[in-house]
Amino acid sequence: MGTAPGKKLEPGVVDARDAQRALRRINDYLSRTARRDEDVRVRLETGADDEALVLPRPVAEMFASMLAALAHGQGVQIMPVDAELTTQQAADMLGVSRPFLIGLLESGAIPFRLVGRHRRIRFADLHQYVREDDARRKGAADELMDLDQELGLL
């Protein structure tokens, strides 16, 4: 059974300057530490010298990515890969209407399961659809560029 959808930070909730400052500090640390398998020890500003938060390096790198988005005024969302979404949540993530999304589900473009009469979409499946759709769009754009070049329109 899937988990609930993740946590979201809307644009502007975190001050961009604070995020930029934190990003600089974490990037400096990550670039100075050569061992990619070593945990990251974060000193807390609580006054206790021996108190440190220990994070796996991939988590610290994910924080850096999140801070970069926040520093540019973008929102971020953390979503467990096995999360299950309602059709409205999935439609909102794709930026499409719920009826359009249901058409995608019924056509088999995105896998789903029924819970009673309600459709549930795994976040991983939705993400896979987005990756494949992006690849299709890029392929179509590349074909158009090639055709433009062949016709001498560029």
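Biologist: What share of the contacts with a separation of 6 or more is between residues 24 or more positions apart?

Modeller: Residues 24 or more positions apart make up 52% of the contacts in the chain with a separation of 6 or more, where contact means heavy atoms within 4.5 Å. Keep in mind this is a predicted model, where local features need pLDDT of at least 70, side-chain atom pairs count only at pLDDT 80 or more, and totals for chains, interfaces and linings use all residues. Residues are numbered from 1 along each chain as its sequence is written, and side-chain values use heavy atoms, with hydrogens and water left out.

Biologist: How many helices and strands does the chain have?

Modeller: The chain has 5 helices and 7 strands. Helices (H or I, at least four residues) and strands (E, at least two) are DSSP runs, numbered from the N terminus. From the N terminus on, the order is β-α-β-β-α-β-β-α-α-β-β-α.

Biologist: And how much of the chain is buried?

Modeller: Of its 154 residues, 23% count as buried. Buried means under 20% relative accessible area, exposed over 50%, and partly exposed in between, with a 1.4 Å probe and protein chains only. The chain exposes about 11000 Å², and carbon and sulfur atoms supply 54% of that; the areas come from the Shrake-Rupley method with a 1.4 Å probe, and for residues only the protein chains shown count as cover.

Biologist: Let's go to H1. Which of its residues are buried?

Modeller: Ala19, Leu23, Ile26 and Leu30 are the buried residues of H1. Seen down the axis of H1, they fall within an arc of 80°, so they line one face of the helix. That arc is taken over the directions from the helix axis to the C-beta atoms.

Biologist: What do they pack against?

Modeller: The buried residues of H1 pack against strand S2 (40-43) and helix H2 (57-71). The face turned away from that buried side carries the exposed residues Arg17, Arg25 and Arg32.

Biologist: How does the length of H1 compare with what its 17 residues should span?

Modeller: It agrees: at 1.5 Å a residue the 17 residues should span 24 Å, and the end C-alpha atoms are 24 Å apart. The expected span is 1.5 Å times one less than the number of residues. At the start of H1, a side-chain oxygen of Asp15 reaches to within 3.1 Å of the backbone nitrogen of Arg17.

Biologist: Switching to charges. How many salt bridges are there?

Modeller: The count comes to 9 salt bridges, each being a side-chain nitrogen of Lys or Arg within 4 Å of a carboxyl oxygen of Asp or Glu. Arg21 and Asp18 form one of them, at 2.5 Å from N to O. These two are 3 residues apart in helix H1 (residues 16-32), so about one helical turn separates them.

Biologist: Last one, H4. Where do its buried residues pack?

Modeller: The buried residues of H4 pack against helix H3 (87-94), strand S7 (118-122) and H5. Those residues are Leu101, Ile102, Leu104 and Leu105. They fall within an arc of 155° seen down the axis of H4, so they line one face of the helix. On the other side of H4, Pro99 and Ser107 are exposed.

Biologist: What follows H4?

Modeller: Gly108, whose phi is positive, near 90°.

Methods:
Polar contact = N/O pair within 3.5 Å; in protein donor to acceptor, adjacent residues only side chain to side chain.
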